[in-house]
Amino acid sequence: MAEAELTKVFGALADPVRRALVVRLSAGDAAVNELAEPFPISLQAVSRHLKVLEDAGLIVRGRDAQRRPCHLQTGALQDGLDWIERYRTAAEERFSRLDELLASDDVSRGVPQPDRSGRNTDRRFKPHGKREKS
């Protein structure tokens with residue numbers, strides 16, 4: 001996905017009303033009147049929000065006789081999720097490497113390693129970090 005398109009998707013999702021509209025549309029198609037019901041804003045304002053979502057490729061508006069249902073397009077959402085996932089994975093890998101480095105440094109310095117409960121399992125060390133005499 002191009003940078004400009006991704007910016008439109010995240011920009012559209014930055015507004016809480018538009019996020020709520022996406023959540024509602026994830027349950028199924030709906031007409032503008034149905035989408036506007038829970039909001040204390042005008043029908044015109046809801047239409048403007050829908051236009052932003054449409055421009056970002058998040059929804060499409062169809063025609064069903066006189067009804068114009070809105071339909072959620074999952075492709076643009078998936079593109080945003082893919083972008084987030086790429087950087088989340090990279091960040092997790094960096095944190096894992098840092099954890100490994102810190103653990104190896106602690107072991108080489110003789111720092112006790114906690115067990116899964118977080119408690120110190122090395123009996124040579126007292127709770128306050130003071131070593132027992134050998």
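What pattern does the protein chain follow when read along the sequence, and which residues make the nonpolar surface patch?

Reply: This is a predicted model, in which local features need pLDDT of at least 70 and side-chain atom pairs count only at pLDDT 80 or more, while totals for chains, interfaces and linings use all residues. Residues are numbered from 1 along each chain as its sequence is written, and side-chain values use heavy atoms, with hydrogens and water left out.

Read along the sequence, the protein chain follows the pattern α-α-α-α-β-β-α, that is, 5 helices and 2 strands; these elements are DSSP runs numbered from the N terminus, with helices (H or I) of at least four residues and strands (E) of at least two. The chain exposes about 9,800 Å², of which carbon and sulfur atoms supply 53%, the areas coming from the Shrake-Rupley method with a 1.4 Å probe and, for residues, with only the protein chains shown counting as cover.

The patch itself is made by Phe-10, Leu-81, Trp-83, Ile-84 and Tyr-87, and amounts to about 470 Å². Helix α5, residues 74–108, gives the largest share of the patch, 4 residues.

Within that helix, Ile-84 counts as partly exposed because its relative accessibility is 42%; the class lies between buried (under 20% relative accessible area) and exposed (over 50%), again with a 1.4 Å probe and protein chains only. Trp-83, at 32%, is also partly exposed, as is Tyr-87 at 46%. Trp-83 and Tyr-87 both lie in helix α5, 4 residues apart, which is about one turn of the helix.

Rings of Phe, Tyr and Trp (its six-membered ring) pair if their centres lie within 6.5 Å, and planes under 30 degrees apart count as stacked, over 60 as edge-to-face and the rest as tilted. By this rule there are 2 aromatic pairs. One of them joins Trp-83 and Tyr-87, a tilted pair at 4.9 Å centre to centre with 55 degrees between the planes, and ring pairs link Phe-10, Trp-83 and Tyr-87 into a cluster.

For contrast, consider the interior. In soluble globular proteins, nonpolar side chains tend to be buried together. Here 23% of the 134 residues count as buried. Leaving aside neighbours within four places in sequence, Leu-50 is in contact (heavy atoms within 4.5 Å) with Leu-21, Val-32, Leu-35, Ile-59, Arg-61 and Cys-70.

Finally, Thr-74, also in helix α5, counts as exposed because its relative accessibility is 55%. Thr-74 and Leu-58 are 16 residues apart in sequence and 6.8 Å apart in space, C-alpha to C-alpha.

Methods: Patches are made of residues with over 30% relative accessible area and no salt bridge: like charges are joined within 9 Å, nonpolar side chains (Val, Leu, Ile, Met, Phe, Trp, Tyr) within 5 Å. A salt bridge is a side-chain nitrogen of Lys or Arg within 4 Å of a carboxyl oxygen of Asp or Glu.
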